[in-house]
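This briefing goes through a few features of one structure. Look at the sequence and the model first, then read the points below.

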Amino acid sequence: MKNRVELKNHQREIFNFRLRLFIGMGFTLLLLGILLARFVYLQAMRHDYYQTMAERNRISVMPIIPNRGLILDRNGLVLAHNFSGYTLEITPSKVSDLPTVINELAKLIDIQPRDRKRFKKLQTESHNFETLMIRSRLTDGEVARFAAQQYRFPGVEIKARLFREYPYSDKTAHLLGYIGRINQADEDKLDDNDQLANYRGTDYIGKTGLEQFYETELHGTTGIEQVEVDSAGRAVRVLSHTPPISGNTLILSIDAKLQDIAEQAFGDYRGALVAIDPRNGEVLAFVSRPGYDPSLFVDGIDEENWKALNTSLDHPLNNRVLRGQYPSGSTIKPFMALAGLFYHTRSPAQAISDPGFYTLSGSSHQYRDWKKGGHGSVDMFKAIVVSCDTYFYGLAVDMGIDNIHNYLSRFGFGKKTGIDLEGETSGLLPSQEWKMKRFKQKWYSGDTVSVGIGQGYSLVTPLQLAAATATLANDGVGYKPHLLKEVKNSATNQISKLENKPEFDLKLDPASIDMVKRAMVAVTQPGGTAVAASAGAPYSIGGKTGTAQVVGMKQGEKYDASKLDERHRDHAWFISFAPADKPKVAVVVLVENGGHGGGVAAPIARKVMDYYLLGKIPAPVLPKGIKPADAPQLEAEHD
Amino acid sequence: MTRQQIWQKMTAHLDLPLLAGMALLMVASLLTLYSASDHSFERVMAQSANILVGLCCLWVVANLPLHYLMRTAVPIYVLGIVLLIGVALFGEISHGARRWLNIGVATIQPSELMKVGVPLMMAWYFEKYETSLSLKNYVVAALLLLLPVGLIARQPDLGTALLISASGFYVLFLAGLSWRVMGGLFVAAVASAPLMWSMLHDYQRHRIEMLFDPTQDALGKGYHTIQGMIAVGSGGILGKGYLNGTQTHLDFLPERTTDFIFAVYSEEFGLVGNLILLAIYFFVISRGFVITANASTYFTRLMAGSITLTFATYAFVNMGMVSGILPIVGVPLPLISYGGTSMLTLLLGFGMLMSIQTHKKLVKS
């Protein structure tokens, strides 16, 4: 009996155990079921989502920076190009003790105080996680030395980059401008133009000059490389590759050799020169002296150089062609003559008697002619040839300021020419309305007198005067001056020429323009104010000299250049065109503090014309203080 | 003896179905490891060595009659406790936890020993008092469990503590702990949850928080979970193909030869592969249940049941944490993750199962 109970108990025990084991099995099945459900959820229902996540994990889109477009002159000479070089770069966020690291680097690589200063400046201008250049253009030796020691410098790396180079350096600085690091303002602008994506990876952008104006042409299209990366961000392999499209090549109307000759012709003088083909508005030379080294800006300029450039009395950063505003002086006279003829204020033959000064009726104030004692009997032709002030004082007063304003503005005075550069100034062409607005003052006849000879309120830029001279040379058919001639598409190699349509036709009276042009030719002939300009030239030159006063003269005081500080001497102007009968080139020269236009400015214009029309290379200009005998004999080169 | 007889004698105590299921998992282990380690034969060979050593131990244990096994229970348990106290006093700290003990020749992790030691001790205890079980015995058994669990939780090694608790609880459960007590304990556990929370280490809390929202800290604490889920999810139905897992081979998966090896497998073999793996696990577990159901003594029933259920728990916890439904507690995928200790512990357990299965006939006769 007892045995049976025990047996029964045992059976019950087994039963109870198996029941619990069964529950355990059910529990296990439940757990496996939960897992199964989870797998179905992750791998079947949400597979697309996790697939995307995995792809995003592994695929990194890297921009490939396009090569910036080249800039060539009209004959294919390279004015701006790229070359590849190595830079040493530091990511500040990855470096704990920056000064020590830089000091250590300096033991391997030549790091000048200038480089350190520039780096500091870069640092303040950029985010900490960006890589910043401390040295550019490393030598092969420096690259090798650093590569061997790289393990010591986490956060420091050598990068291969394309550099912009301007072979003509300071000679084309004002024309080409320069590229510089993209800053916040540039970024905002790109964002506004929806261009930010195309600039991924691009560090530089055109800041001034043509580099800025034609940024969209030059930049190109950024390529894309889809790269598989590991969790550390290292590229493992390339998945897809969309090559970048290089920027387009700009072919300028500039003639680099002409530009070079013009630069040299200036010697040590400051000033500006513009040469334009009057038949189409192509700018052949665009010179603003002195220039500056644009490469200083490409790498990010350091404080010292920046200060030096900014505080120099020579104002090398000032683009005189585009932004310099000067009194036109007597160069305005041919235009005044045309105005007088237009309004019938004077007939060509109508002569005045010049006593050497002009007085307004009812006033005793004498407006002096540049020639003491006057020019005697002066008609319009002679007034231009001898640059008679008295004649133009009277003409201006008789025309009235508003007529002058209206007529001269047709030639583009007081307005921007619309050249393909940013930052042009518009000069100043005064009127009654302008004076009222500006000074809340009435216009007096006395104001008009000085406007008649290009002084007083009126101001022009060399570019304006050049465009006006070209229009005059082209008998009133005007073109917008432009620097770009053709664009060569980098992808298709197709060249698209810029359309050369006249901007306006002043419909000048043929007899009037003929007379004025003949008078301008006579200016360069014996008896004129710029005889030196055409001496021995096998073609005829039309021109007009001008002198822009820098300091005012008191009544009765005599101008004596030798007594004046050099920077207070008059600016010299010369406007010209040649050949006079069928002008192919208009040249305007401004020599700051150069004195009389015929003496300093005209010979510079002549050298430019000689080269352009005859292919003649001028003899080298000698620096001040060197006698011809000491000068090395340079062989003229010509092609 | 003929060669055949020798072979028979050698294999007499091995359970073929169980061995077959395990072998499939081991093959999966080596294959996946080769992929996870970026084609490292070294790793595969090292794991093969782990398996080989483990199988030898399994063979030895499987051939041990049960009373030998029972006799080891107390010494193993006592040794384990001594070592755990040693760890608490002289243990080496790594990653903010004191788990390792340097015993001169090697550093060991005594908590691993207790994975076998605790259920063995408890089963031994119940066997000893089989005929006169009362609530007092359950309380003592529970204390036998809580002592090492407490020491391990203090290290702190929450994952191991919980898993040993589970294996001990399975013994209590199978030993017939009354439903009422279990219900009471459950209520008490829920009620004490806030207290438990306050006792957790910061990193453990983070892991639990991240479970509910891993995106909170995608590059920090949630990274493991997110990358694991991405690997599993992106595997899809058929997987990316063997050796083609991007999460694996581009280094996005952490711990991919050990705790996260399931993500590697899952990414490359997909839902279909997962189903096959679950099926194999189910087969092995089922065989364990069959052995348990047929076990002849109280001790062997409790032992076999605990081993089987613990094995199932390991598999569930690991796959659950990799696929983002459980916090990351540092549990390897049984028989698949790389690692000698866990392989050895598991194979010792399976050796006991085989011993239980193959020695009962002898007992009967």
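Which residues of the largest nonpolar core touch the most other members? The model is a predicted one, and in it these residues are Leu273(A), Val274(A), Ala275(A), Ala285(A), Ala601(A) and Val608(A), out of 121 in that core.

**Nonpolar cores**
- Ala601(A) is in contact with Ala572(A), Trp573(A), Phe574(A), Val589(A), Leu590(A), Val591(A) and Gly594(A), leaving aside its neighbours within four places in sequence.
- A second, separate core has 113 residues, including Leu21(A), Ala54(A), Leu83(B) and Tyr125(B).

**Where chain A touches chain B**
- On chain A, 33 residues are in contact with 34 residues of chain B.
- Helix 1 (2-45), helix 2 (47-58) and strand 8 (223-229) of chain A each supply at least two residues of the side that touches chain B.
- Helix 1 of chain A gives the most to that side, with 18 residues.
- By type, the residues on this side of chain A are 18 nonpolar, eight polar and seven charged.

**Helix 7 of chain B**
- Helix 7 of chain B covers residues 158-174, which is 17 residues.
- From first C-alpha to last, helix 7 of chain B reaches 24 Å, close to the 24 Å expected at 1.5 Å a residue.
- Helix 7 of chain B is largely enclosed by the rest of the structure, because 14 of its 17 residues are buried.

Terms used: Residues are numbered from 1 along each chain as its sequence is written. Chains are lettered from A and ligands numbered from 1 in the order in which they are written. This is a predicted model: local features need pLDDT of at least 70, side-chain atom pairs count only at pLDDT 80 or more; totals for chains, interfaces and linings use all residues. Helices (H or I, at least four residues) and strands (E, at least two) are DSSP runs, numbered from the N terminus. The expected span of a helix is 1.5 Å times one less than its number of residues. A residue is buried if 20 or more other C-beta atoms lie within 10 Å of its own, exposed if 12 or fewer, and partly exposed in between; C-beta atoms are placed from the backbone. Two residues are in contact if their C-beta atoms, placed from the backbone, lie within 7 Å. Ala, Val, Leu, Ile, Met, Phe, Trp, Tyr, Cys and Pro count as nonpolar, Asp, Glu, Lys and Arg as charged, and the others, Gly among them, as polar. A nonpolar core is a set of buried Ala, Val, Leu, Ile, Met, Phe, Trp, Tyr and Cys residues joined through C-beta atoms within 7 Å.
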